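Here is a walk through one protein chain. Start with a single residue, then widen the view to the core and the sheet.

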Amino acid sequence: MSEVLKGQCLCGAVKVTVDGAHFPEPGACHCRMCQRWSGGVFLCFEAQEDSVAVEGDVTRFRSSSFSERAFCPACGSHLWMRDTDQPGANYELMPGLFDEARGWKMRSEIYTDDAIARIVGDHPTATRAQYEAKNRFVEGET
C-alpha cells in the first residue's frame, strides 16, 4: 500500500510520515522482551526505509545484537523497532502513532504461548517454538 500516513508521539515532539510502500496490517508479539517494552503486547506494521521520514529528537536503544527500539525522549512514546545489521531494513512502526491505523486487520501473532492476554480474531499465530524455528531471536530471553 502507498497512501501517506502521518503520525506523532503523545506529546507531538516526534512526527513520523510514511509516504510509500508499507504493509497496513499490524503484527503482534508476546515475547518477554516485547512485554517488558510495551507493557503487554507489542504491535507493529512494516514500512520500507525509504518511505519513512522522522522529525524531532528520537532516542534509540539497542535491544539486541541485531536491532534497536526507538522512543520519544520527551513523552516516552514507543516509535519503532528495526534491525540494525541489515542496510535498508524496514521499520516496524507502532500503529498507535497513526490515526489511519484504526480498524486495520491483524496480520499475525507470535509467541502466543507466552501471551499475557490473547488477541481474538482470524489471523495466523505461532508459538515460541514455531516462531524460533524460522526466525532470528534473542537467545535466553524468556
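Begin at Leu 93. Beyond its neighbours within four places in sequence, Leu 93 is in contact (heavy atoms within 4.5 Å) with Val 16, Val 18, Leu 43, Cys 44, Phe 45, Ala 47, Val 52, Leu 79, Trp 80 and Phe 98.

This is a predicted model: local features need pLDDT of at least 70, side-chain atom pairs count only at pLDDT 80 or more, and totals for chains, interfaces and linings use all residues. Residues are numbered from 1 along each chain as its sequence is written, and side-chain values use heavy atoms, leaving out hydrogens and water.

Leu 93 also belongs to the largest nonpolar core, which has 31 residues. Such a core is a set of buried Ala, Val, Leu, Ile, Met, Phe, Trp, Tyr and Cys residues joined through side-chain atoms within 4.5 Å. Buried means under 20% relative accessible area, exposed over 50%, partly exposed in between (1.4 Å probe, protein chains only). Phe 42, Leu 79, Leu 93 and Phe 98 have the most contacts inside the core. Strand E4 (42-47) is among the elements that give two or more residues. E4 gives the largest share, four residues. Helices (H or I, at least four residues) and strands (E, at least two) are DSSP runs, numbered from the N terminus.

Now the sheet. Eight strands form an open, mixed sheet in the order E6-E7-E8-E9-E4-E3-E10-E11. Two strands pair if DSSP finds at least two bridges between them. E6 (59-64) and E11 (125-126) are the edge strands, each pairing on one side only. E3 (22-29) and E10 (108-110) run parallel, joined by three bridges.
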